[in-house]
Amino acid sequence: MEALQIIRSDNPFPSVCAYICSHPCEEACRRKQVDKPVAIRALKRFAVEFGGDRMVRSEAKTIFPEKNAIIGSGPAGMSCAFYLRKLGYPVTVFEAHSEIGGMLRFGIPQYRLPKEVLDGEIRRMTGMGIEFRTSTPVVSLDLLFEMGYQAIFVSIGAQQSRRLGVEGENKPGIVDAITFLRETNLGLKPAIGENVVIIGGGNVAIDASRSALRLGAKTVNLVCLESRSEMPAFPTDIQYAEEEGVIINYSWGVKAILGKEVITGVELKRCVAAFDTDGKFNPAYDESITQVLLADTVITAIGQVPQIPESYGLKTRGSTILVDPVTLNTNRKGVFAGGDASSGPATAIQALANGRLAALRIDDYHRHRYPRSMEEESKSSIGELSSQTIQAIRKISRYEPPLVPPEKRKKVFQPVEKVYGWETAAEEARRCLRCGSGAEILFPDKCAACLTCLRVCPYSVPRIDQNFDIQIPADQCQACGICVTRCPAMAIALRKPWDRRYIDEEMERYHQKIKITGSKPLIIGFCCQYGLFGTSLLAGLWKTTGAGIWIIPVMCIAKVESYHFLKAFELGAEGVFLAGCGEQCSRENTITEAKAQIKRARSVLAELGFDINQLQAYLPEQKDNNPEGTPEKWLEEFIGHVGSLHLKSLLTVEEKVDRSKSETFK
Amino acid sequence: MIVANQKPLNEIWGMVAPYRRVLIVGCGTCMTVCGTGGEREVAFLHHALRLIESKSDQSNHIFSEYTIKRQCEPEFIEMLAEKIQDKDAVLSLGCGIGIQAIAERFDTLPVLPGVNTSIIGMSTMQGVWLEHCVACGECRLDETAGICPVARCAKGILNGPCGGTKNGKCESNRDMDCAWILIYKRLEKLGQLDKMRRYYPMRNFQVIPRPRRLIKLVAGGNGDGQLSL
Amino acid sequence: MVNSLFEEKLNSSEFLITTEIGPPKGADISEMLYLIDLLKDKVDAINVTDNQSSVMRYPSLGGCLLVKEHGGEPILQMTCRDRNRLALQADLLFAYSRGITNVLCLTGDSIGVGDHKEAKPVFDADSVQLLKMIHTLESGKDMGGNDLKGIPGFCKGATVNPEADVIAPQLIKFDKKVEAGACFFQTQGIFDVAALRRFMQYATRFKVHILAGIIVLSSARMAKFMNENIPGIIVPQNIIDELANVEKGKGLKKGIEIAIRTIKAIREEKICRGVHIMAIGNERVVPEIIEAIKVPSPL
């Protein structure tokens, strides 16, 4: 749930993004330098579906009086509405259609983004106080100003398909992809023949082809000017399309559409180059090489342009609205524009980001702030991983979210991709390098340059600089936490607070609990959250033993120190255990470290007359068929062992009591 | 580095038990480096003592912790003054120097040793120190190719090796290299075997009489850097 | 000047035989006296060991006194482990005054191999320095530079190990001991006559007298034990095997046989001046060995 809260603080509809985002974040993910990037999008979907989304509220209060109008309820418009509302402004979204969502609803097929998901987010937005007015096309901006709106954001998208400009384009049986998709997504089941040819190489073309398959087409041919690598559509979607049976014909242009009353086929001419030497889109053909594809339906998806009403009085550049790149202002005061309407067709996440930017700029406008240039996303302030570090990092293959097999999925509009389960999500999340949240020498005056951190680091990260001081470069540190627990001067700490799950604080809470309620723990367990030992174990624990087992969640067992174990016994526990991911831990040496800490604690326990098996560790050697057994089984045995020791001590007390009783009876 | 070992836990508990409010003082230099008496070890000892107390029939101890940068400087020791005021005893995890320095400055309080100071050690790898110098005051490392026979020969002889060396190891400890075989090999490498052929007379054990004092003032003052009684 | 009967014998050309007695751990010297009587006329000199292997025993000086009193020729084994230079010098003066003038100078085994592991090791001097020390006393001064009232004279010896695995440093040490005044050497146990031969080729550059050490083993187990625990002794595998191959109870017989064989080889080839028989607990068999190696006198 914590993850979901963090996600929602920065993204207005994470559930939508979880399904369809093109994940530029994964391109920037530093795990890529090791093997494959972390599957951030899929993990966000997991967070959304399992993070108790119902319990995470989106609330907003009206602070300012300035009313804002947003034209178009696509991703740009909704994002702008969300952020303006969060900032405290009244917002009304005007949507010409009867349904909200823009391209998210009409352009993206159900198998990529189910309706319910979008509806959920819209409900949340209404719950925040955003007013939606559907079936309300805006004809004049002046009217809006007269109605009292002080700022208008024009985000009408780009919904008008370009025309092919070839012979036979006006025959029946040709439809543009936008119309086709809209009808499909509204459930209207547009009529298509048996042999469908789609023209275009972008995402819209791919969506149209896959939708055509699902509507029952026998053959679906996609024709595009670009080569495979030049195709602008998402590579994974191209792959899914091919798996489902779409035939992709690269480097072909359309010469003519054949047939008299009905379409019989499409004549293609070879495109020798889609881009010229300057990299500009400028197709060149070899008209002598042609082929004919059988077709009774042709869907065109060769680009869209915005339909900008003249009455708006907005200056354009080419087919899109002209905006100031800094303020997002159009030529009219108080009128802003964004999304596909000003950029041309782009991805949903770009529209979302643009909407957010617009909201901030509109806020600046209302509050009379000096327009400053766009705050650049801080350029990567973190360096590349050195080859030495990369070598030391455990290679774990990326867990792709499970897919429905192509034969099944091409028949239905159900989502193609399934969500992670708890285990796979944890396994994928473990691959994260925790960039920037690593260790730093917080107290350099305490550092005695003993070189322990240098020697125990599994990644050889700490360095000695010219002044013989120790530096721990943030761009190499893998945040395993081993140097933190080993530093003899306690001079090192982890940078980011969410990784520093304060074990001492948790234990102090338990200490207070004992003082107040008088209850004592039978067993205290330090459980690694990366291995889900808190969640899944707990569920099992409450079933078998109920109260008596107190869990202290830790973010990796490398953070537990020997004195924590002593403290646990001091709190009154009869048994203490440490449960971790074992061989599956994504960090090196955590098992040896944990065992060393346990050994140290046990030496003290042995001196004090404890049975050293009252302190044990569950560190499974492998994922399945582990010789130590499942966590539940191991824990049962441990509880049994501790319980019998406890019982023994109780029995000796009872014996004494009995004996004295029987004596009094005599 | 001065290297020490922590005393066994029951020995420490035995010393500390009669006193109610005990300040555990760590040292931020040598004792931190050898992992015996730095801030982390002070914390660990604190918890261990508390655990012992919770299992014993006593319950009146109040332990507190404080680590100073070094226990061999009077100015750093002075910084203990405030913390020490209400205490009944000090448990010092500093080396023998530090323990005595604290005892001298705060002579109304018992100062207990938490460690056994043992060697001047060279760190070879994490957690391992070898005694390579015994501060004899008569360094002759030029004669023995940089390997000290006084520290590293079990018998400390100057005309070695003795007859007990086997496989290059010392008769008293099969894991220890015979220092004189090491010296021989390195002198051979340096082409200086004639040094080993010299007769070395008996050591002057009065070079630095015990207790010893070395006066050396760095800036100003009148020390001349020479050893004196 | 000849300082002792043994030194006279060294100056002759006889094949010499010495042996050693280890004093008792305690005040009961009856066994030691018995052995002294058994051996005194059969050997040219008897060594009395000095807390050998760092095990506390009746002192070698006392043992040598008993040897002298009973008419034998003692060799005082003096180690540097237990006494500083004052004590060493004082003991030497006493030894001289009682006619004990043969001294074998040893550094001494380390404390750790013995039975008083917490004792303080002294090692104020080493074997070379002890030889020089004796030389200094013989010149009329003590180690503090003071003149002596009454100047002693000694026949000095030391040890050497011809079978050491790294021989070069041993030879350097040997040279130093000769320079420091050693006139006789008793070697560590010899099992490989060829090694002794090689050593002797080097040693004959000096005018010193070498007696080959002969250890009488009694079992393979004893041999292995000595290899592991006794400094300076290296029993080769073939000897251990030879001992292992005999029936139970016949080990000592085999040990004696090996000793005799080795001594005979040394004597026949005239490799060195003599032998020093170390029977370590089995001193009673020494006469049998001596008998067996006797060259029949020409009649």
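This passage describes the chains, their contacts and selected elements of a predicted model.

Residues are numbered from 1 along each chain as its sequence is written, while chains are lettered from A and ligands numbered from 1 in the order in which they are written. In this predicted model, local features need pLDDT of at least 70 and side-chain atom pairs count only at pLDDT 80 or more, whereas totals for chains, interfaces and linings use all residues.

Contacts between chains were examined at the residue level. Two residues are in contact if their C-beta atoms, placed from the backbone, lie within 7 Å. Two pairs of chains touch, and the most contacts are between chains B and C. Chain A and chain C have no contact. Their closest C-alpha atoms lie 25 Å apart.

Chain A has four assigned domains; such bounds come from an automatic or database domain assignment. Domain 1 covers 2-158 + 306-366, domain 2 covers 160-304, domain 3 covers 439-499 and domain 4 covers 503-651. Between the C-alpha centres of domain 1 and domain 3 of chain A the distance is 43 Å.

Secondary structure follows DSSP: helices (H or I, at least four residues) and strands (E, at least two) are runs numbered from the N terminus. Two strands pair if DSSP finds at least two bridges between them. In chain A, four strands form an open sheet in the order S23-S22-S24-S25, with parallel pairing. Strand S23 (549-554) and strand S25 (615-618) of chain A are at the edges. Each has a single partner strand, so one side of each lacks a neighbour in the sheet. From one strand to the next, the twist averages 20°. Axes are lines fitted to C-alpha atoms, for helices over the stretch in contact, and angles run from 0 to 180 degrees between N-to-C directions.

Strand S22 (residues 523-528) and strand S24 (residues 575-579) of chain A run parallel and are joined by five bridges. Gly525(A) has Phe577(A) in S24(A) as its bridge partner. Two helices lie across strands of this part of chain A. Helix H22 (residues 590-607) of chain A lies across S24 and S25 of chain A and runs at about 165° to S25(A).

Elsewhere in chain A, Gly253(A) is placed in strand S10 (residues 252-258). A residue is buried if 20 or more other C-beta atoms lie within 10 Å of its own, exposed if 12 or fewer, and partly exposed in between, with C-beta atoms placed from the backbone. Gly253(A) counts as buried because it has 22 C-beta neighbours inside 10 Å. Leaving aside residues up to four places away in sequence, Gly253(A) touches Leu225(A), Leu268(A), Lys269(A), Cys271(A), Pro283(A) and Tyr285(A).

Chain B is assigned domain 1 (2-119) and domain 2 (138-197). Their centres, taken over C-alpha atoms, are separated by 39 Å. In helix H6 (residues 96-105) of chain B, the buried residues are Gly98(B), Ile99(B), Ala101(B) and Ile102(B). They cover an arc of only 165° around the axis (directions from the helix axis to the C-beta atoms), which puts them on the same side of H6(B). Their cover includes strand S2 (21-27), helix H4 (74-78), strand S4 (89-92) and strand S5 (111-113) of chain B.

The contact between chains B and C takes 24 residues from chain B and 29 residues from chain C. Helix H8 (179-190) and helix H9 (193-197) of chain B each supply at least two residues of the chain B side. H8(B) gives the most to that side, with three residues.

In chain C, eight strands form a closed barrel, S1-S2-S3-S4-S5-S6-S7-S8, with parallel pairing. Neighbouring strands are turned by 25° against each other on average, direction ignored. Four parallel bridges pair strand S4 (residues 102-106) with strand S5 (residues 155-160) of chain C. Leu104(C) stands opposite Gly157(C) in S5(C).
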